[in-house]
Amino acid sequence: MASHPAVQAPTVEHHRDPFGIGEPRPRLSWRTETDAEGWRQGAYEVQLLDEEGVPLATSGRVDSDESVLVPWPGRPLRSRERATVRVRVWSADGDGGADGNSGAGAGADGSADGANGAGADGGSGAGDGGGPSPWSPPTRVETGLLDPADWTARPITPAWPQDPESPQPVALLRHDFTLRSPIASARLYVTAYGVYEAEINGVRVGDHVLAPGWTSYEHRLRYQTFDVAGHLREGGNTLGALLGEGWYAGRIGFQGGRRAIYGELPALLAQLEVRYTDGTTETVTTGESGWRAATGPALRSEIYDGEAYDARREREGWSSPGHDTAEWAAVRELSFPTAELVAPTGPPVRRTETIAPVEVRTTPSGRTVLDFGQNLVGRLRITVSGPAGHTVTLRHAEVLEHGELGTRPLRFAKATDTYTLRGGGVETYEPRFTFHGFRYAEVEGWPGELDPADVTAVVVHSDMARTGWFSCSDPLVERLHENVVWSLRGNFLDVPTDCPQRDERLGWTGDIQVFAPTAAFLYDCSGLLTGWLRDLAAEQLARPDSVPPLVVPDVIPDTFTEFPRAQAVWADVAVLLPWVLYRRFGDRELLRGQYASMCAWVDTAASYAAEGGGLWRHVFQLGDWLDPTAPPDRPAEARTDGDLVANAYLVRTAAVLGDIAEVLGEGADAACYRALADSVRAAFNEEFVTPAGRLSSDAQTAYALALCFGLLPGARQRERAGERLAAIVRGADFRIATGFTGTPLICDALCAAGEPELAYRMLLERGCPSWLYPVTMGATTMWERWDSMLPDGSINPGDMTSFNHYALGAVADWLHRTVAGLGPAEPGWRRLRIAPLPGGGLTHASAEHVTPYGRARVEWRVEDSGVLVVEAVVPPNTRADVHLPGDDPTPFTVNAGHHVFHRKV
C-alpha cells in the first residue's frame with residue numbers, strides 16, 4: 001500500500017523567499033511526493049490564511065492536473081500585505097495508477113519488453129483511497145511597496161563636493177530616531193543609486209552583497225525589503241548605511257570604460273516602517289532632515305579596480321546611538337526616481353562558499369602568490385595583525401604566466417585591494433563593494449610570516465538554487481562539466497555577464513542566448529533572467545530602431561562605431577531566451593510580458609531582409625564569434641559567412657516567434673511570422689545552398705546551422721549536408737572549428753546526421769582547439785577562446801582573453817540531453833524525454849534535474865555482457881517519452897515512478 005502523497009510547501013512565482021515581492025496576484029507552484037507508481041494529480045485546493053491562520057479565501061476543489069504557476073485564488077494583495085498559503089491535492093484516480101489499468105510497454109521491473117511492468121500509459125498500484133492529501137506546510141507571502149505613492153522617502157547623497165571624474169570614498173550615512181513604545185513589526189525598504197549596506201544599531205541588515213544589484217537605472221530601480229524588528233528597541237535607535245558608487249557612478253565598460261554613466265552622485269533611498277503593538281505606525285525616511293554623512297575607512301571601492309581600506313579611519317559605533325556626529329556633514333536631497341521602483345524577481349547576490357588556498361608559491365621574481373585551486377569570483381578575507389599604518393596589498397588574476405601573476409588579460413582593471421592596519425591586535429578584512437575573478441592572489445607587504453590559513457577566498461554570486469547535475473565515466477568530461485558550473489556561478493552575479501575579471505563584466509546578449517539551455521538545467525535562473533529580460537525590453541523599446549542592446553544594462557554609447565548595433569545571434573536573445581525559459585519553466589506569462597519586445601525585433605529584422613531583396617545582407621556581423629581560426633586581434637573573422645549566420649538565425653527566430661504567438665493565442669501573428677520564416681528559408685536555400693546540399697561556407701558552423709535550424713527542405717540535401725559535415729570534422733582531426741554560434745549546435749548536428757560517434761570523438765579530443773584541451777591545461781572554468789592559454793603556458797596574445805566565459809560551455813546542454821539522456825519534451829518538464837545515446841567508450845553517465853514537478857533522473861551503464869541498463873526516475877504528475885538504442889528503437893511512454901530498462905547494444 002502506497003502512502004498518501006505529500007505536498008511540499010508551495011513556491012510563489014520564481015522566488016526562493018516570497019518576502020517583499022512585487023506581484024499582487026502571485027502564481028503558485030507545488031510538488032507532490034509519493035511512492036505510488038504513475039501518480040497523477042486530479043484536483044487541488046489552495047487555501048489562503050491571514051497572519052493568525054484564519055482562512056481568507058479558498059479555491060475550493062479545482063478539477064485540474066495543473067500544479068505549476070497556478071493562478072492566485074483570492075483578491076490581489078495590497079502593498080505590505082501578508083498572507084499564508086497552503087495546498088492539498090487529490091489523485092487522478094483512487095488507486096494511484098495513471099489510468100488505473102495495466103498494460104504492455106517498458107517495464108518498471110527491469111524487463112526489456114514490459115510484460116510484467118507498468119503499462120506505457122497506465123499502471124496499477126496502491127493509492128491514497130480517493131481522499132485529499134494532507135495540507136502542505138504553509139508558505140508565507142508578503143508584498144513590498146507596489147505603488148509609487150507608497151514611498152515618502154527621498155534619495156540623499158552627501159552634501160560635500162564630489163568629483164565624478166575620480167573614485168569617491170564609501171560614504172557613511174546615519175539618522176537617529178526614537179521609538180516611543182514596543183514594536184510589533186518593522187520593515188526596511190531600501191535601494192540606492194550605487195551599492196549599499198544598511199545597519200541598524202550597529203548590526204548589519206541582511207546578508208546581501210552589492211545590493212541592490214545592477215538594473216537599467218533609467219527604467220527600473222530595484223529595492224529590497226528586510227524584516228528588521230529584531231534590530232530595533234524602544235527608545236533611541238540609529239539607521240545607518242554604507243554607500244558606494246557601484247555600477248551607477250563608478251567606471252564601467254571596456255576600452256577603459258566610463259565613469260558616471262547613469263549619474264554623478266550615488267544616493268540612498270530608505271524607508272523604515274514600524275508598527276507598534278498598539279496598532280499605530282511610524283515611518284523613518286531618508287531626506288535632508290536629521291541625516292548626516294561622513295567618510296570612513298574605504299577610500300575607494302570600485303567594481304574593476306578594487307578597494308583601498310584604511311582601518312585607522314574606522315569610526316567605531318558609527319551606526320549606533322550616541323555616536324558623536326559633530327564633524328559629520330549634511331546631506332543633500334535628490335529628486336525622486338523617475339525609474340520604476342521594482343521588487344526583485346530573482347535572488348540577491350550572497351556569499352555562497354569559502355575556499356582555502358591549496359598552495360603558497362614563490363614566483364621567479366620572489367613574489368608570494370596563493371593558489372586557491374579554483375578560478376572563482378569573489379574576494380579575499382584576511383586575518384592579520386601588525387603595526388598601525390602598515391599596508392597589505394592583494395592582487396588578483398586567473399592564471400599564472402611563466403610563474404608570475406598573469407594580469408595582462410585584466411586590461412584596465414587593476415583588481416587590487418589594499419588594507420592599511422589600524423594596529424593593536426588581530427584584524428579581519430574583506431572588501432565590500434568590489435569583486436574579482438581569480439584563482440591566484442599575490443600578497444605583498446604581509447607583516448611577518450604568511451600563514452595561508454589567514455587568507456580565505458569568499459565566493460559571491462546570485463544565490464540561485466542548484467537544480468542540475470551530470471556525471472560520467474570520463475573524469476576529464478566531468479571536469480569539463482564542473483568548469484561550466486563554475487563559469488555560470490561566476491558570471492551570474494546579478495547580471496548574466498560575459499566575464500567577471502577584466503574591464504568589461506557586461507550582460508552581453510549573445511553569450512546568454514547560446515548558453516541559456518545549459519543555465520536553465522543547472523540552476524533555477526528563471527527569476528534572475530526574467531528581471532534581466534524586463535531590462536532588455538525597456539532598453540530596446542525606448543529606442544527608435546527597436547534593436548535589442550548588445551549588452552544589458554546598455555552601457556555601450558551610441559557613438560561606439562566598432563560594429564553595428566543590430567547583430568544576429570545577439571539581438572535574437574529577445575525571442576530565443578524567453579522561449580528557452582518557457583520550455584524549461586513553463587511560464588507562459590513570461591512570453592506575454594516579452595511579446596512586444598520579441599515582435600519589435602523580428603519586425604525590424606524582417607525590414608532588413610526586405611531591404612536586401614529577401615535576405616539580411618552585407619552588414620558586418622559578429623557571426624560565429626571566436627572561430628578558432630580567427631586571428632587573435634580579429635575575432636569575428638570566421639570561416640562561416642556572417643550573412644549566412646544572420647539569415648539562418650532570422651529563420652530560426654521568426655519560426656520560434658510563430659510558435660510563441662500560437663501559444664499566446666495570437667493566430668494572425670503566428671501565420672505572419674511563420675510565413676516570414678518560410679520566405680527567408682527559401683531565399684537562404686537559393687543564396688547559400690546547392691541542390692546537392694553543399695553550403696557556400698564549407699564550415700562546421702554553416703552545416704550545423706543548416707541541420708539544426710531546419711534550413712534544408714529536401715531529404716537528399718539534408719543527407720548530403722550531414723555527410724559533408726562529417727567529412728569536415730574528420731578532415732579537421734576531430735578538432736573543434738566553431739565559435740559562439742556553432743559550438744552549441746555542432747554535436748546535435750552530428751547526431752542529426754547519424755554520426756553520434758563523431759560527436760563523441762569531438763567531445764573527447766584533447767588537442768587544441770577542443771573542449772578538453774583547457775582541461776588538460778588545468779582549467780577550472782570555461783575559457784573565452786579555445787586557446788586562451790597556449791600550449792607553452794603563455795597567454796593568448798590578443799587583447800581580449802578571459803579564462804571565465806561560459807559561452808563555449810553550451811555543450812553541457814548536449815551532455816545533459818544526449819549523453820545522459822534527460823531533457824524536457826513539453827514546456828516546464830510536464831513531459832520528459834529520456835533518450836540516452838551512449839558512445840565514445842563511456843561506460844556510464846547520469847543526469848539529474850529538479851523539475852517543477854520534482855526530481856527527474858536518468859542513469860545508464862554498459863555492463864560487461866554488452867547490455868545497456870537504464871534507470872529513470874520520472875516525477876509525480878508527469879510522463880516520459882523513452883527512446884532507447886539497441887535492438888528495438890521504437891519509442892514508448894512511461895508514467896511517474898522508478899523504471900529500469902535493459903537493452904542489448
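What percentage of the 905 residues of the chain count as buried?

## Burial and surface

In this predicted model, 62% of the 905 residues count as buried, burial being taken as under 20% relative accessible area. The accessible surface of the chain is about 31,400 Å². Carbon and sulfur atoms account for 48% of that surface.

## Overall dimensions

The radius of gyration of the chain is 29 Å. A compact globule of 905 residues would have a value near 29 Å, so the chain agrees with that expectation. Taken along the principal axes, the box filled by the C-alpha atoms is roughly 85 × 70 × 60 Å.

## Secondary structure and contacts

The chain contains 14 helices and 43 strands. For contacts between residues at least 6 apart in sequence, 75% join residues that are at least 24 apart.

## An open five-stranded sheet

Strands E3, E9, E8, E6 and E7 form an open sheet, in the order E3-E9-E8-E6-E7, with mixed pairing. The edges are held by E3 (19–21) and E7 (55–58); each has a single partner strand, so one side of each is left without a neighbour in the sheet. On average, neighbouring strands of this sheet are turned by 35° against each other, direction ignored.

Ile21 has Thr143 as its bridge partner in E9.

How values were computed. Residues are numbered from 1 along each chain as its sequence is written. This is a predicted model: local features need pLDDT of at least 70, side-chain atom pairs count only at pLDDT 80 or more; totals for chains, interfaces and linings use all residues. Side-chain values use heavy atoms; hydrogens and water are left out. Two strands pair if DSSP finds at least two bridges between them. Helices (H or I, at least four residues) and strands (E, at least two) are DSSP runs, numbered from the N terminus. Axes are lines fitted to C-alpha atoms, for helices over the stretch in contact, and angles run from 0 to 180 degrees between N-to-C directions. The radius of gyration is taken over C-alpha atoms; the globule rule is 2.2 Å times the number of residues to the power 0.38. Buried means under 20% relative accessible area, exposed over 50%, partly exposed in between (1.4 Å probe, protein chains only). Contact means heavy atoms within 4.5 Å. Accessible areas come from the Shrake-Rupley method with a 1.4 Å probe; for residues, only the protein chains shown count as cover.
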